[in-house]
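Good morning, colleagues. Please look at the model on the screen while I describe its pockets, one of its helices and its salt bridges.

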Amino acid sequence: MPSTEFTPERRRMLTMLGAGAAAAGFGAIASATPANAATATATATATATATDDVTATTASYGPTGSAEDELAIHRLLETYLFAVDTKDKTVFRTLFTDDATLTVMAHPDGTAGIVKSGIEAVVANLDGAAAWGYSTHVTANAYVRVTGRTTATGDSHATAQLVYPATATAPETVVVRGIRYRDEYVKSAGVWKIRKRVFSPLWQYNGTAVQIAYPN
């Protein structure tokens, strides 16, 4: 059986070889570290640049992104419905730009309809609310997108309950209607207004109104 004993010279040689291999291994690790560091640095730089780009883009749409603008536009939508229900022309007028257009009774896809151009024609359209006695308009949902510092678009749905007074041939009637509004908004002197609105009735049903029994 061959002997496993090594002469002192052989042991010394093996030890030197082991140390050299270890040194080579540590050298490889050390030489790899700068490359990894460079890769990490490049990645961090690219990430920072991308973040800066996003920040710059976001900053271009207003002082706090678009949250405050979106809130103001949602308030504009609610005020519009309030003005319609109260038939308040003074408030209604403040919601539109002087060159506004309002398209009424458009098809569900937003085409056709009757176009009212200019603030006077838009406000005069509210005279049509005289046809019903009472009404309640409620926003169902709204998708608002701020597209620039002073521009935005909106697509919203609402439900209208309109109470038409009795006539000689028909009782007091409640009309319930689903509505879609497609809008363009502009911001002037810090205030958002409607520049273009397309009003599309989507569905409707009618019913007979029931009188409320007031206690006094």
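The lining of the largest pocket draws at least two residues from each of α2, β1 (96-104), β4 (151-164) and β5. Helices here are DSSP runs of H or I with at least four residues, strands are runs of E with at least two, and both are numbered from the N terminus. This is a predicted model, in which local features need pLDDT of at least 70 and side-chain atom pairs count only at pLDDT 80 or more, whereas totals for chains, interfaces and linings use all residues. Residues are numbered from 1 along each chain as its sequence is written, and side-chain values use heavy atoms, with hydrogens and water left out.

The largest pocket contains about 360 Å³ of space. It is lined by 19 residues, of which Val104, Asn125, Trp132, Arg177 and Phe199 are the closest to its centre. A pocket is defined on a 1 Å grid over the protein atoms alone, as an open set of points where a 1.4 Å probe fits, with protein on both sides within 12 Å along at least five of seven lines; lining residues have an atom within 4 Å of a point. Points are joined across faces, edges and corners, and the volume is the space filled by probe spheres set on them. By class, this lining comprises 15 nonpolar, 3 polar and 1 charged residues. Nonpolar covers Ala, Val, Leu, Ile, Met, Phe, Trp, Tyr, Cys and Pro; charged covers Asp, Glu, Lys and Arg; the others, Gly among them, are polar.

The second largest pocket has a volume of about 210 Å³. Its lining residues include Tyr134, Glu172, Gln211 and Tyr214, and the lining divides into 7 nonpolar, 1 polar and 1 charged residues.

I turn now to α2. The 20 residues of this helix should span 28 Å at 1.5 Å a residue, and its end C-alpha atoms lie 29 Å apart, which agrees; the expected span is 1.5 Å times one less than the number of residues. Which residues of α2 are buried? They are Asp69, Ile73, Leu76, Leu77, Tyr80, Leu81, Ala83 and Val84. These residues are on the same side of α2, because they cover an arc of only 160 degrees around the axis, taken from the directions from the helix axis to the C-beta atoms. Buried means under 20% relative accessible area, exposed over 50%, and partly exposed in between, with a 1.4 Å probe and protein chains only. The face turned away from the buried side of α2 carries the exposed residues Ala67, Glu68 and Leu71.

Finally, the salt bridges. The structure holds 6 of them, each a side-chain nitrogen of Lys or Arg within 4 Å of a carboxyl oxygen of Asp or Glu. One joins aspartate 69 to lysine 187, at 3.0 Å from N to O. That pair links distant parts of the chain, from helix α2 to strand β5 (residues 173-188), 118 residues apart. Aspartate 69 is buried at 7% relative accessible area, whereas lysine 187 is partly exposed at 25%.

A further bridge pairs arginine 197 with aspartate 183, their closest N and O atoms being 2.6 Å apart. Arginine 197 lies in strand β6 (residues 191-208) and aspartate 183 in strand β5, so this pair ties together parts 14 residues apart in sequence. Both arginine 197 and aspartate 183 are buried.
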